[in-house]
There are 2 protein chains.
Amino acid sequence: MADISTCPPLTRASVQEAHTKIKSYIHRTPVLTCQTITQIANTAQTTSDISTSGQDASLPPAKPRMNLFFKCENMQKIGAFKARGAFHALSRLSAAELSNGVVTHSSGNHAQALALAAKTFGVKAYVVMPSISTPSKIEGTKSHGAEVIFSGSTSEEREEVVRGVIERTGARLVPPYDHPDIILGQGTLALEMQEQVESMTGGYRGEGTTRGGCSFAAENGVGIEETSGRKGLDAVIAPCGGGGMLSGVATALQETGIKVFGAEPSFQGADDAQRGLKQGKRIESVKTLTIADGLRTPLGEITWKVVSDTDKVKGMFSVTEEQIKSAMRLMLERAKIFIEPSAAVGVAVALYNEEFRHMVEKEAGEEGWNVGIVLTGGNTTVDAIAKLFAPSAVQGERQEGKVGMNGEKIAENVAG
Amino acid sequence: MADISTCPPLTRASVQEAHTKIKSYIHRTPVLTCQTITQIANTAQTTSDISTSGQDASLPPAKPRMNLFFKCENMQKIGAFKARGAFHALSRLSAAELSNGVVTHSSGNHAQALALAAKTFGVKAYVVMPSISTPSKIEGTKSHGAEVIFSGSTSEEREEVVRGVIERTGARLVPPYDHPDIILGQGTLALEMQEQVESMTGGYRGEGTTRGGCSFAAENGVGIEETSGRKGLDAVIAPCGGGGMLSGVATALQETGIKVFGAEPSFQGADDAQRGLKQGKRIESVKTLTIADGLRTPLGEITWKVVSDTDKVKGMFSVTEEQIKSAMRLMLERAKIFIEPSAAVGVAVALYNEEFRHMVEKEAGEEGWNVGIVLTGGNTTVDAIAKLFAPSAVQGERQEGKVGMNGEKIAENVAG
């Protein structure tokens, strides 16, 4: 990773520079819409659904006006937005700095992203993964040519192995989210989404051009026909785990007038950003087995600074496991878009979080908002889906929160 | 349905006219690409995979060069291309002809398509469905305001109920595929796909314009980067059940130089078109429980004429149940596109049918072909996927071919 002292500042201009650097390596992913899901977002929930999910059902259910636009990072290289940050991090290093390879610790999408970026740049990648990682993730990482090194599942065990690799090889650490280069890389998705939604709605807000905007969805009329002619994006919802992507999106959209919100799972305290904001300080460790396994990590030091800045992120909202599953089912069955549970968290906020929905109803009024939602990734399998949606033996333990969907044991997650 | 005597001829110009009529009612669905799946298509199969699927493994495995383009009719209204034919059929009827409503028999996507078109045109729709239809399909049809009337599952029982509805109500029959209006409507997808792929590859073959072409996939570089600069479509693979859509695509692309191929499941004789071609006459009845449940019907009289015309359809190819499942898994897990089993049949031909692959290797040579594949629909559920991919109790009976994925019993399917 580049030394933080040499990193560009967290500004929209830096995100634009990052985009120039990485755009030949990544996909400009499509923005899709779905009439049915937009309709559901515009329909009041029942009082019983509201109270079942543990929300205050004493208010009349919200009836916000929203058009939803899905930024399909599930169709990004390696199946998740993480490719953006990894390519950007590597593109900021000199050949000399890259000569001993790169190393990271991750059992998820960042591991595959770094492996792909390293292969593309012709350098060696070392990935430290807990030995209990699912075989498909290990295989996915190896398939891009990375050397996988196993560790225990606590953060201390993991970091010790990483230190060992660095000492032995001289590889450079590329952390998964808490670094400006990663944040700026992930933020590039917001620049594209802004342009694409402007092009789809025929609007020209801000300095975005429509060149290269994706136009089919507008032609489809999906969702769009319900707008009152509103142009461009009004708001974005981005899922938040370690906060790298949310910070990047907020950085990219600063001073555009587009409001940025974060979405978290609430299960077993995975809503660490929201809880941190209430306490006025970062929560440094999280221990959760939420099905949104990409969002089990707490905010890092740098991402906390961005996420807790209300000029940048206007609010954090959380959803239950059942709400995530329900949103995921709708995205698969109705929108026909294949996503992993973490990617459904932003959709769930738009459809089910009454605090968010009341806020939109009030702020957006009759005219409504065009809301962009980041679909973070699609790295799941039909087998995992079968487990997730079938009532299975493991559900009992799941409900007690001791075992994850893939049988993984609960462990402490700290930023790093 | 309009009297056949009043129908436009089966020509490209008639498909273009149909497109003008229906385009405000339907979605211009995206064309997506997937680098990984294109790579698999360009990799030789192993001899063992070839022989396991019952193909001749004595030849060296084919190594064709293809770029695959997926026309996403799973994202069409009601989740399948059937909306095109239904809207076209209704748009060709006068208000007087529509005054007593419309009727059809279908347990699948055509039922929902007709229900939606009728609702849009403000007329009543009656849908005759076997009483053993899955609840989700019954609900889906009712949700668009159609009156569902149950029948037995043989074609005689079904037709008797339809006749009863017509006598009682004066409703007009809109058959699912064997009618020029339906064929011309379905064919409109090929006009769009031709334009979209031209736009994506920077080509301008034929008279298609690039206006409205979907450009993101080309920008993504997905798949495209592997072409040797070849422009526009060279070939299309379309799944074939009753043959309405395949006939429409072949009609739309006549005299464009784009070759059209049909894809069928082979299970329990579902490859009736291919078998009919070998025998030199149409096979009138099929009895199969292939997982590609949209393709269980035989060709009709009109569609047989188109499909058996080698100027229009260059060849029919079939695939096994395991090949369909494997292609479906790849489309979900790798392309992140949610499709039903029937929609995977064309993909399976491109990836696994050695006869097709040898033909492409020979005809396309080093330059390769740009191959469009119609993803017919996405109307399945996470529950059905869990059943399809989990080894379950019902698999034993399934393998004997007596029970379908949803527990449905085997029954005779005849065209109508």
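Predicted model: local features only at pLDDT ≥ 70, side-chain atom pairs only at ≥ 80, totals over all residues.

User: Which strands stand at the edges of the open sheet in chain A?
Analyst: The open sheet of chain A has six strands in the order β1-β2-β11-β7-β8-β10, with mixed pairing. A strand at the edge has a single partner strand, so one side of it is left without a neighbour in the sheet.

User: What is the bridge partner of A:A235 in β8(A)?
Analyst: Strand β7 (residues 235-239) of chain A runs parallel to strand β8 (residues 259-265) of chain A, and five bridges join them. In β8(A), the partner of A:A235 is A:K259.

User: What angle does helix α15 of chain A make with β7(A)?
Analyst: Helix α9 (residues 180-201) of chain A touches β1, β2 (66-72), β7 and β11 (369-375) of chain A, and its direction makes about 140° with that of β11(A). Helix α15 (residues 345-352) of chain A also packs on the sheet, touching β2, β7, β8, β10 and β11 of chain A. Its angle with the direction of β7(A) is about 130°.

User: Are α14(A) and α15(A) roughly parallel or roughly perpendicular to each other?
Analyst: Two packed helices are described by the angle between their axes and the distance between the axes. Here the axes of helix α14 (residues 321-333) of chain A and α15(A) come within 8 Å and cross at roughly 100°. Angles of 65 to 115 degrees count as roughly perpendicular. The two helices α14(A) and α15(A) are therefore roughly perpendicular.

User: How many nonpolar residues are in the contact of α14(A) with α15(A)?
Analyst: On the α14(A) side you will find A:Q323, A:I324, A:A327 and A:M331. They meet A:V345, A:V347, A:A348, A:L351 and A:Y352 in α15(A). By class, the contact holds no charged residues, one polar residue, and a nonpolar count of eight.

User: How many residues of helix α11 of chain A are buried?
Analyst: Helix α11 (residues 244-252) of chain A is mostly covered. Its buried residues include A:G244, A:L246, A:V249 and A:A252.

User: Does A:R296 count as buried or exposed?
Analyst: A:R296 is found in the loop between β9 (285-286) and α13 (301-307) of chain A. Leaving out residues up to four places away in sequence, A:R296 touches A:G241, A:A270, A:V286, A:T288, A:T290 and A:N413. The cut-off for this class is 20 or more other C-beta atoms within 10 Å. Because A:R296 has 25 C-beta neighbours inside 10 Å, it counts as buried.

User: What is the C-alpha to C-alpha distance between A:R296 and A:A411?
Analyst: Along the sequence, A:R296 and A:A411 are 115 residues apart. In space, their C-alpha to C-alpha distance is 9.9 Å.

User: Moving to chain B, what is the bridge partner of B:V31 in β2(B)?
Analyst: Six strands of chain B form an open sheet in the order β1-β2-β11-β7-β8-β10. There, β1(B) pairs with strand β2 (residues 66-72) of chain B in the antiparallel sense over two bridges. In β2(B), the partner of B:V31 is B:K71.

User: Which class does B:G315 count in, buried or partly exposed?
Analyst: B:G315 lies in strand β10 of chain B, which is an edge strand, pairing on one side only. With 17 C-beta neighbours inside 10 Å, B:G315 counts as partly exposed.

User: Is the crossing of α4(B) and α9(B) left-handed or right-handed?
Analyst: Helix α4 (residues 82-91) of chain B packs with helix α9 (residues 180-201) of chain B at an angle of about 130°, their axes 7 Å apart. That angle makes α4(B) oblique to α9(B). The handedness of the crossing is right-handed.

Conventions: Residues numbered from 1 in each chain as written. Chains lettered and ligands numbered in written order. Axes fitted to C-alpha atoms, helices over the stretch in contact; angles between N-to-C directions. Helix = DSSP H or I, 4+ residues; strand = E, 2+ residues; numbered from the N terminus. Parallel < 35°, antiparallel > 145°, perpendicular 65-115°, else oblique. Left-handed = near helix turned anticlockwise from the far one by under 90°. Pairing = 2+ DSSP bridges. Contact = placed C-beta atoms within 7 Å. Nonpolar A, V, L, I, M, F, W, Y, C, P; charged D, E, K, R; others polar. Buried ≥ 20, exposed ≤ 12 C-beta atoms within 10 Å, placed from the backbone.
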